[in-house]
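Visitor: I'd like to learn how to read a model like this one, feature by feature. Could you walk me through it?

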Amino acid sequence: MSQWLPVLILASSFAPAMVTFFLEQNQHRLRNSLNLGGALIKLGLIVFMLAEVAQGNAYEVRFDLLPGAFILLRVDALALLFMTLSALLWLLTTFFAIAYFDNKPNLSRFFGFFGLCVFATTGIALSGSLLTFFMFYELLTLSTWPLVVHKQNATSMAAGRTYLRYAMPASVALLLAILWLEHLAGPVEFVNGADLSAIDPTTLRIIFALFVVGLGMKAALVPLHSWLPKAMAAPAPVSALLHAVAVVKAGAFGFVRVVHDVFGIETVTALGLGIPLAMLASLTILYGSIKALGQTGIKRRLAFSTVSQVSYIILGVALAGPLALIGGLVHLVHQGLMKITLFFCAGVYDERAGIRQIDQLDGIGERMPWTSTCFTLGALGMIGLPPMAGFVTKIYLGIGGLESGAPWVIGVLAASTLLNAAYFLPLIYRIWFRSSPSKDRPGERPLGIIVPAVITALASVAVGLFAATDFSPLGWTTLIVERTYRP
Amino acid sequence: MNWPLIALVLTISLPLLGALLAVASARFGDWIAGVIAVGTLAAAIGLLFFVNAQGAVTLAVGGWAPPLGIQLIADGTATLFLSTTALIMTIVALFSARSILRRGRNSREMHLFWPLLLLLWGALNAIFVSRDLFNLYVGLELVSLASVALVAIEGSRRTLAAALRYLLFALTGSLLYLLGAVLLYTAHGTLDLGLLAAQLGPDDGLALAAITAGLIVKTALFPFHVWLPPAHAGAPTPASAVLSALVPKASLYILLRVWFDAGPIETASVAMTFLGALGAVAVLHGSLMALRQQRLKLIIAYSTCAQIGYLFVIFPLAAAPAVIGTTGADAAWQGTVFQALSHALAKAAMFLCAGLIIEAVGHDRLDRLAGTARAMPMTMFAFGLAAISLMGLPPSGGFIAKYLLVNAAFDAGAPLWSMVVLIGGLLTAAYLVRPLAATWRSPKDDPNELPPGFVDVARRRQLLPMILALASLALGLFSLLPVTLMGGRP
């Protein structure tokens, strides 16, 4: 029975999504209970598995497609890290979306694809082999497109076009990399990695480069990042999910799998691929931050901030040392919590006060105190103010950089912190210290749009404060990394 | 009772019998077709499971084995084609019942459509189980004639011109094929593929070239594709579905049988590379043409030209010296059959979707389709699923085909051929996103607005293309049974 847990977890988002497609627009109660129910069930299953996996149990389900090609679902500690994040944030985003959309058109379609998107993300987390990973990765691309173009107007259609223009070629690169590697090394399962000893280094480098293109597109690695700011045309809940868990994180998660569980750190280091990847990630970190400085729209500034922040994860992975890896993995969770807070708040500002531009933020702190407090917490976390989430990440990445013999990483982190401060502090200043042209107080209601932001904001403080406990993201990633390095 | 043999006989005789009945009592063509469809579908699926359990079913007609008599053989691959055809035909029959009937029980369409459709079905099934060049020729001629007549059914000046062009190409193809068959008969004294297998050599080059040329004209491989788009786009939509999904597969099926059952592939590597190259150009050219079309049915028709190209990559792969006797050859064979089947299902689904859109909106011009996805979500969802299969994205039969073909290309030491499939998938995405985006868009940016002049279409009928699209996905998820049935390279 417990064998089927991974399948049940997938079903908990797939089944509600499928039913939702067939609901009428006015069946609000049924639609909401289906989606919230699915999210709650999923969270329950995951909590159960967290305890099991902590004791060292693993679950595996295998389904043959062809001789030699199979779908493999496997629950390990890393899968659970990503899955817990996505399940938790899905639940909160569902609450937020229900309140945010209220009675806007095409809701059944929206929640259907929304559920599919989470289904695909969960599948990515659960994938135990490269081929399985690819299948869910593609499903994610496909289920995201309808969300990006949800508004059906010219801007969102253009954003959708750009998204596919990047995603489709990247998927070809990824598929080619996977099939090429599997042709040389046989089917690759993450649990044992690939046997690369017989393959010549040049071929391996080309395959690795193909992986970087295929995964880097979703992770918004420069120069494959331009689709992300454009995708801001999507409604706020979509942006929140896209930036915090679904798409960009799928790319970053793929990097963790490919570097650690497919090639293995030794091979990556021996081929001399770690440092170039770390440099590319550093470039993205700095470039994203600099571009963020120049944006005048709130959501666009946040988008470039994502471009920059997601590369912290890739930097941690590429540095190929235990501490850096902890820093990278923990940022997968930390960035998710902070960024989703910021996007929830940006959504509330837009929806309740019509604020989209940074210069409209003047004095909003007094008028919308809850939203503004959450936004401020998220922004301070991003800058890396101790003891918040972002600080923990940066410490580990910095020490990891020294450990891996790349002291320049400290410089990148310092520069990035300054830039983060430079593009977030003016916002905080405007929110709290400028006087507002108008005095009316836009209501921060219903609770559904504000409570999720409060929860994630508090969580992003808590994961920093309680980083030392066992079940904090930091504790869990330490467990993952210990298992990797001391098998 | 020998049930497998009965099922085999029924798959051919039922549709032909139905065609006769539909001529005799044209007023009840829809009822006849319905009953026949259910019967043939059951026979085909029954046969599939028999063959899966017990191996190929062979029927020596009249009790005479070759070379004296004619043999019908239903092996795994044949039963897959029979079942896919049966599924598509049944859905198309259900779909057409309404649109043909609308013209009246005594209309021209009623008199022509059902007999032609059933005749086409019987002829297709005969091709799938024949292993004799003359039998195959008869099947091929029946298929071509029924198809041409289906294109011409509306009788407008435009469709007649398209039908005439189609007829000319089809006849040329038949003549070339016949020439080759006659040459082979003169040289070897038999037309049975199994007997020819041991005898073909370099001296038969001309004969094989004639047969191949004839068949690629009928398959609409570049540069012989010019008849296809106007014919397939001009025919009534249910007919387009069958014509695009199944008819080119029949001639391709014969081509595969000729080369893989009997032909000396390994010694003809230059010719095989040439066929592969034509396939690659077909993918490129068909896709670029599809990108430039403004009408939905034309996009789908050009997409057929492009997708046919994939089916020819097998020839250079099977001829590569590195691949002989390896699993790569099997992968190439299976990938090609998967592509043929999943394209058939997805393409039929797509044409039926186009038919529903035309019924609802009255036209298929992309620039005026805004709001359609909102008005008929189920149809566009089915279209999207079919598109996934054509793009070769997981989980779909198209993806399995792509996976197998790319693997085969690596095994053959010729990874460049994998680019045909990979880049082809990219191009497919490019031209299929256009109709998806065009229908998704809201008219006047108002998400509640419906397309102008929209007439609602029953949910029941929107379900029909959905079934086909889901079948093409299922082919990719439950691919173990089909792959076992296909077996390795013959």
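Visitor: Let's take the domains of chain B. How many residues of domain 2 of chain B are in contact with domain 3 of chain B?

Guide: Keep in mind that this is a predicted model. Here 22 residues of domain 2 of chain B are in contact with 28 residues of domain 3 of chain B. For bounds, the assignment for chain B gives domain 1 as 1-129, domain 2 as 132-263 and domain 3 as 267-490. Between the C-alpha centres of domains 2 and 3 of chain B there are 22 Å.

Visitor: Which elements supply at least two residues of the side of domain 2 of chain B that touches domain 3 of chain B?

Guide: Those are α9 (228-234), α10 (237-245) and α11 (247-262) of chain B. α10(B) gives the most to that side, with six residues. Sorted by class, this side of domain 2 of chain B holds 14 nonpolar, six polar and two charged residues.

Visitor: Now the two chains. How many residues of chain A are in contact with chain B?

Guide: In general, the size of an interface is often given as the accessible area lost when the parts come together. Here we go by residue contacts: 26 residues of chain A meet 26 residues of chain B. On chain A, β1 (59-66), α5 (130-148) and α6 (154-185) each give two or more residues to the side that touches chain B. α6(A) gives the most, with 12 residues. By class, that side of chain A has 17 nonpolar, five polar and four charged residues.

Visitor: And the nonpolar core? Which residues have the most contacts inside the largest one?

Guide: Ile88(B), Val242(B) and Leu317(B) do, in a core of 397 residues. Helix α15 (residues 327-361) of chain B brings the largest share of this core, 21 residues. Take Leu317(B) as a case: setting aside neighbours within four places in sequence, its contacts are Val323(B), Ala332(B), Ala408(B), Ala409(B), Ala412(B), Ala414(B) and Trp417(B).

Visitor: On to the backbone. Where are there cis peptide bonds in chain B?

Guide: To spot one, look at omega. From Phe222(B) to Pro223(B) the bond is cis, with omega near 0°, and Pro223(B) sits in the loop between α8 (205-219) and α9 of chain B. Another cis bond joins Pro394(B) and Pro395(B), with omega about -10°. Pro395(B) belongs to the loop between α17 (377-391) and α18 (397-411) of chain B.

Visitor: Is Ala320(A) buried or exposed?

Guide: Count the C-beta atoms around it. Ala320(A) is buried because 25 other C-beta atoms lie within 10 Å, and the cut-off for buried is 20 or more. Asp102(A) has 13 other C-beta atoms within 10 Å, so it counts as partly exposed.

How values were computed: Residues numbered from 1 in each chain as written. Chains lettered and ligands numbered in written order. Predicted model: local features only at pLDDT ≥ 70, side-chain atom pairs only at ≥ 80, totals over all residues. Contact = placed C-beta atoms within 7 Å. Helix = DSSP H or I, 4+ residues; strand = E, 2+ residues; numbered from the N terminus. Nonpolar A, V, L, I, M, F, W, Y, C, P; charged D, E, K, R; others polar. Domains from an automatic or database assignment. Core = buried A, V, L, I, M, F, W, Y, C linked by C-beta atoms within 7 Å. Buried ≥ 20, exposed ≤ 12 C-beta atoms within 10 Å, placed from the backbone.
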